[in-house]
Amino acid sequence: MNVNYKRSLITTCLFGTLFFYLLVHFAIVGPLKFQSTRIHMVISAAVILAAMLGFIIMLLMTRKKEKVFDERDQLIQKQASMIGLMLTSMFVFVFCIALFVNYRDRGVIEVSWVWLIAYLTFAFAYFITSLLTVYLYKVDE
Amino acid sequence: MNSLPKTLTNNIKLLRIKLNLTQEDLAKKTNCSRQTINAIEKNKYSPSLLLAFKISYILQSDINEVFGGE
């Protein structure tokens, strides 16, 4: 298994977990209570920290391995980044439009939505790009 | 007049076996990964002209012998 493929697979798992955790956690707690209590803030911070630490550890562990990054790897990464960027933009756009449609009449939204958009965008971008990389490697195999 | 080729084919596996080379050997000599050589052999990835020339050189063959179209 190629080191780049392995890295993408681990990144998919880490940021996929983070993405779905944030979504589920937010759905359960709700926008009003989200981040309002200390315990919710600590849990969210711990999960985000765990994902980030996992990512850094994975980068450090695969750093010393013999790494060949050839033209096929470059092409796969380029394609994954391009499609990933497009999908992330679409995700943010649809999310914001949905919020606008839902809260248009009220004129204000809970500030926790902004926190959620920020972290979800970050997690989604890493998740979708690495997932696409894994998919493109799998297709070529 | 022959019709234009639609897909790229290659004889890498045949020529490689003739020279007693593994995919790993060919990958190391051309400075790419074994997975890339495997993908080229299976016609799932079309290499750049530079990599195609490198492969032909290592396989001691003309580029037209290694790569073709059908």
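Predicted model: local features only at pLDDT ≥ 70, side-chain atom pairs only at ≥ 80, totals over all residues.
Residues are numbered from 1 along each chain as its sequence is written, and chains are lettered from A and ligands numbered from 1 in the order in which they are written.

User: Which helix of chain A has the highest confidence?
Analyst: Confidence is given as pLDDT, the predictor's score for each residue, from 0 to 100. Chain A averages 89, and 98% of its residues score at least 70. Within chain A the lowest mean, 87, belongs to helix α2 (residues 38-63), whereas the highest, 95, belongs to helix α3 (residues 71-103).

User: How many helices and strands does chain A have?
Analyst: Helices (H or I, at least four residues) and strands (E, at least two) are DSSP runs, numbered from the N terminus. Read from the N terminus on, the elements of chain A run α-α-α-α. The count for chain A is therefore 4 helices and 0 strands.

User: What length does α3(A) reach from its first C-alpha to its last?
Analyst: The expected span of a helix is 1.5 Å times one less than its number of residues. For α3(A), which has 33 residues, the expected value is 48 Å, and the helix comes close to this, with a reach of 48 Å.

User: Which residues does A:Ala123 touch, not counting residues up to four places away in sequence?
Analyst: Two residues are in contact if their C-beta atoms, placed from the backbone, lie within 7 Å. A:Ala123 is one of the residues with the most contacts inside the largest core. Leaving out residues up to four places away in sequence, A:Ala123 touches A:Phe15, A:Leu18, A:Phe19 and A:Leu22.

User: Which helix of chain B gives the most to the side that touches chain A?
Analyst: In the contact between the chains, 9 residues of chain B meet 6 residues of chain A. By class, the side of chain B has 4 nonpolar, 4 polar and 1 charged residues, where Ala, Val, Leu, Ile, Met, Phe, Trp, Tyr, Cys and Pro count as nonpolar, Asp, Glu, Lys and Arg as charged, and the others, Gly among them, as polar. The element that gives the most to this side, with 3 residues, is helix α3 (residues 34-41).

User: What covers the buried residues of α3(A)?
Analyst: The buried residues of α3(A) are A:Arg72, A:Asp73, A:Ile76, A:Ala80 and A:Gly84. The cover over them includes α1 and α4 of chain A together with α3 of chain B.

User: Why is chain B as compact as a globular protein of its length?
Analyst: Chain B has 5 helices and 2 strands, which run β-α-α-α-α-α-β from the N terminus on. The radius of gyration is taken over C-alpha atoms, and the globule rule is 2.2 Å times the number of residues to the power 0.38. For 70 residues the rule gives 11 Å, and chain B counts as compact because its radius of gyration is close to that, at 12 Å.

User: Is B:Asn31 buried or exposed?
Analyst: B:Asn31 lies in the loop between α2 and α3 of chain B, and its phi is near 60°, a positive value in a residue other than glycine. Because 11 other C-beta atoms lie within 10 Å, B:Asn31 is exposed.

Notes:
Core = buried A, V, L, I, M, F, W, Y, C linked by C-beta atoms within 7 Å. Buried ≥ 20, exposed ≤ 12 C-beta atoms within 10 Å, placed from the backbone.
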